[in-house]
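I opened this notebook to keep a record of what I looked up in the structure, one topic at a time. Each entry says what I checked and what I found.

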Amino acid sequence: MELLRIATAGSVDDGKSTLIGRLLYDSKAIFEDQLESVERVSRQRGDEYTDLALLTDGLRAEREQGITIDVAYRYFATPARKFIIADTPGHIQYTRNMVTGNSNADLTLVLVDARKGIVEQTRRHAFLASLLRVPHLLLCVNKMDLVGYDPDVFGAIREEFAAFASRLDVSDLSFIPISALQGDNVVQRSVNMPWYEGASLLHHLEQVYISSDRNLIDPRLPVQWVVRPQATSTPDYRGYAGRVAGGVFRSGDEVLVLPSGLTTRVAGIDTFDGQLAEAYPPMSVTVRLVDDVDISRGDLICRPMNQPTVGQDLDALVAWMADRPVVPGDFLALKHTTRWVRAVVRDIHYRLDVNTLHRDESAGSLGLNDVGRVSLRVTQPLYYDSYRRNRQTGSFILADESTNVTVGAGMLHGPD
Amino acid sequence: MERAPGGTAAGQYQQSHLSTLESQSIHIIREVAAEFERPVLLFSGGKDSVVMLRLAQKAFWPGRIPFPIMHVDTGHNFPEVIEFRDRAVDSYGANLVVASVQASIDSGRAVDEPGPNPSRNRLQTRTLLDAINEHRFDAVFGGARRDEEKARSKERVFSFRDEFGQWDPKNQRPELWSLFNGRHRAGEHIRVFPLSDWTELDIWQYVTEDHLELPSIYYSHRREVFRRDGMLLSVGAHVSPRGDEEVFETTVRYRTVGDMTCTGAVESLATTAEDIVIEVAASRLTERGATRADDRVSEAAMEDRKREGYF
């Protein structure tokens with residue numbers, strides 16, 4: 001059984017909570033005590049209907065204010081797949097939360113109200129999903145029951161969104177007309193929309209092909225930890241532990257270690273459960289090498305004929321997440337794969353308007369929830385790939401050196 | 001070899017969901033060992049901490065687990081669990097630190113709640129924070145899962161705690177990709193939850209596949225119980241039925257392992273982990289909803305305790 005990570009976003013009125021509630025309920029991931037608790041709170045508040053948003057909005061402040069503050073994670077499973085939903089609020093801190101939720105997602109689910117069509121928020125969600133290179137984008141046109149299940153309404157929204165998406169970097173785009181409230185096309189195909197010939201939402205989520213989404217071409221193993229048992233049973237054992245960030249490593253492969261540049265061969269790939277013939281993303285393994293080379297945390301194991309970019313001058317799209325704006329000259333802590341380095345902001349080339357995609361080249365700074373193109377210089381060379389080629393070796397986070405808070409997220413450009 | 005990390009279909013470079021979760025947790029545990037000075041792993045003897053301990057073993061194998069294990073002992077634990085704890089920690093060759101709630105009470109740092117059969121659930125927080133300070137732990141692994149409870153569903157994998165051990169849910173660090181930010185100042189610490197993405201069912205499937213030993217009370221057995229607030233409580237040294245509560249013997253098991261005073265049993269005939277996988281898959285109640293009085297105080301009982309520094 002595979003794992004599928006879904007990111008979704010939206011406000012209460014587009015029916016997102018109802019949809020998630022239905023998916024969870026129909027897959028038996030909502031339990032009776034949770035439902036009773038939600039029904040009780042809804043009654044106490046005098047709601048006319050049971051507010052399924054209360055299932056995800058767990059914090060006191062959220063209940064009091066009727067808003068979603070933060071990314072909430074929900075889990076459900078069918079016999080075919082296990083699903084993790086990162087559910088993000090659509091209004092407050094939208095960029096920060098959307099970027100966070102989408103960073104690990106296989107699929108982004110964008111909801112549109114059939115009566116309202118494409119709105120600013122729809123475009124913003126789709127743009128951020130493409131920015132974070134979520135491989136699959138799914139637009140659900142909800143509340144079809146309120147437009148008489150009219151195929152023309154669905155067709156017009158589909159056409160308008162496809163035109164917008166053609167300006168984005170979206171590799172897989174799908175559309176499903178649904179009614180979350182009535183259950184049309186959520187789990188079962190709807191009898192009310194015989195003109196729709198595609199899969200139901202749940203069926204789509206179960207079937208969407210994700211195996212080829214990972215990078216299986218460029219072998220990358222950032223070293224996390226050096227395993228040296230120093231025990232009498234394994235006196236000379238020395239292994240390099242890490243999570244494979246790209247490509248396939250096989251026992252016997254010739255490999256190159258950065259920054260030393262030395263080449264050697266893979267002597268073995270170890271796990272607690274036995275040796276492996278090969279390792280690929282996202283496996284956590286321990287690699288032994290034939291030659292005794294000096295390797296420590298932060299080093300990278302790759303192939304002699306397939307090396308990442310090595311450099312101290314970085315060009316990246318940065319999503320800024322702090323109240324105080326970032327300007328050229330700022331010093332920040334930067335984490336890339338398994339390394340922290342210091343970075344200085346050299347230049348802010350432009351700020352992207354996440355609603356219109358317009359580039360403002362006179363911005364000069366990035367404020368809270370802004371996205372922009374930034375040049376950085378770091379204290380030591382990084383071994384990186386472009387984000388579009390590898391989400392693991394092409395991403396970094398930025399932290400404030402005095403408060404230690406995470407203030408930004410970066411996606412690297414590079415020669416593809 | 002039970003299960004290759006490649007899972008069921010390694011030929012297609014596809015991992016099973018359990019192998020993916022395992023890889024993710026091992027990655028988290030290694031990051032902590034590498035970036036912190038003094039990590040510690042909280043171990044209650046419960047199924048989640050048993051899985052977490054096994055993952056820590058896998059992360060550093062064939063080396064040893066490079067940090068100590070800590071148990072916050074309320075003095076109200078099930079005797080079967082304490083016995084299991086000592087055996088388990090011993091078998092991993094790990095160092096055990098026991099932080100005692102009774103010692104906190106004896107020294108005046110904590111006071112039992114009034115009334116008969118007081119729960120020491122909330123008192124653990126004082127003992128835990130004192131132990132973190134005393135040992136200067138800077139990273140504390142906990143076995144909490146996001147599917148357990150709604151406040152937990154908003155929890156980060158690396159969760160910052162200030163010098164008072166407090167959690168501020170409205171002011172959490174964004175957490176992207178697999179890039180965890182454990183930076184903190186002296187006196188502050190990070191709670192780390194490597195099982196964040198696991199569900200109760202995943203835990204049981206893992207226990208089954210890896211043949212992990214658990215305390216015997218997880219499996220069906222005969223026990224003297226009485227009903228209180230809709231829960232079956234065990235008759236024992238720290239819990240006694242009130243006059244109107246009838247004691248009867250029945251076949252039960254526990255879905256969670258907490259204090260005897262606040263952890264309820266469920267009627268069950270499941271005697272193996274395989275039986276429990278089937279039972280959990282069919283269950284219509286969450287494990288905490290079914291069996292934990294500590295979460296029933298209010299809608300935000302867990303959030304309030306977590307803000308104070310609870311697990």
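Before counting anything, I noted that helices (H or I, at least four residues) and strands (E, at least two) are DSSP runs, numbered from the N terminus. I also wrote down that this is a predicted model, in which local features need pLDDT of at least 70, side-chain atom pairs count only at pLDDT 80 or more, and totals for chains, interfaces and linings use all residues. Residues are numbered from 1 along each chain as its sequence is written, while chains are lettered from A and ligands numbered from 1 in the order in which they are written.

**Entry 1**

I counted nine helices and 10 strands in chain B, and for chain A I noted eight helices and 23 strands. The radius of gyration (taken over C-alpha atoms, with a globule rule of 2.2 Å times the number of residues to the power 0.38) was my next item. Chain A has 24 Å, close to the 22 Å that the rule gives for 416 residues, so chain A is as compact as a globular protein of that length. Chain B has 19 Å, which agrees with the value near 19 Å for a compact globule of 311 residues.

Along the principal axes, the C-alpha trace of chain A spans about 70 × 55 × 40 Å, and the C-alpha atoms of chain B fill a box of roughly 60 × 45 × 35 Å.

For burial I used C-beta atoms placed from the backbone: a residue is buried if 20 or more other C-beta atoms lie within 10 Å of its own, exposed if 12 or fewer, and partly exposed in between. By that rule 49% of the 416 residues in chain A are buried, and in chain B 56% of the 311 residues are buried.

Two residues are in contact if their C-beta atoms, placed from the backbone, lie within 7 Å. In chain A, 68% of the contacts between residues at least 6 apart in sequence join residues at least 24 apart; in chain B, residues 24 or more positions apart account for 73% of the contacts with a separation of 6 or more.

**Entry 2: where the chains and domains touch**

How many residues does each chain bring to the contact? I found 61 residues from chain A and 58 residues from chain B. I sorted the residues by class, where Ala, Val, Leu, Ile, Met, Phe, Trp, Tyr, Cys and Pro count as nonpolar, Asp, Glu, Lys and Arg as charged, and the others, Gly among them, as polar. The side of chain A that touches chain B has 31 nonpolar, 15 polar and 15 charged residues.

Chain B is itself divided into domain 1 (10–206 + 300–308) and domain 2 (215–295), with bounds that come from an automatic or database domain assignment. Their C-alpha centres lie 23 Å apart, and 23 residues of domain 1 are in contact with 24 residues of domain 2. On the domain 1 side, helix 3 (79–91), helix 6 (200–209) and helix 9 (301–308) of chain B each supply at least two residues, and helix 6 gives the most, with four residues.

**Entry 3: a sheet in chain B and the helix on it**

I traced an open sheet of six strands in chain B, with the order 3-2-1-4-6-5 and mixed pairing. Two strands pair if DSSP finds at least two bridges between them. Strand 3 (96–100) and strand 5 (158–161) stand at the edges, each with a single partner strand, so one side of each is left without a neighbour in the sheet. Strand 1 (residues 39–42) and strand 4 (residues 139–141) run parallel and are joined by three bridges; in strand 4, B:Val140 is the bridge partner of B:Val40.

Helix 5 of chain B packs on this sheet, touching strands 1, 2, 3, 4 and 6 of chain B. Apart from its neighbours within four places in sequence, B:Ala131 is in contact with B:Met70 and B:Ala99, and its C-alpha atom is separated by 6.3 Å from that of B:Ala99, 32 residues apart along the chain.

**Entry 4: a hairpin in chain A**

Strand 18 (residues 331–336) and strand 19 (residues 339–352) of chain A pair in the antiparallel sense over six bridges. These strands form a hairpin with two residues between them, and A:Thr337 in the turn has a positive phi of about 45°.

Notes: Axes fitted to C-alpha atoms, helices over the stretch in contact; angles between N-to-C directions.
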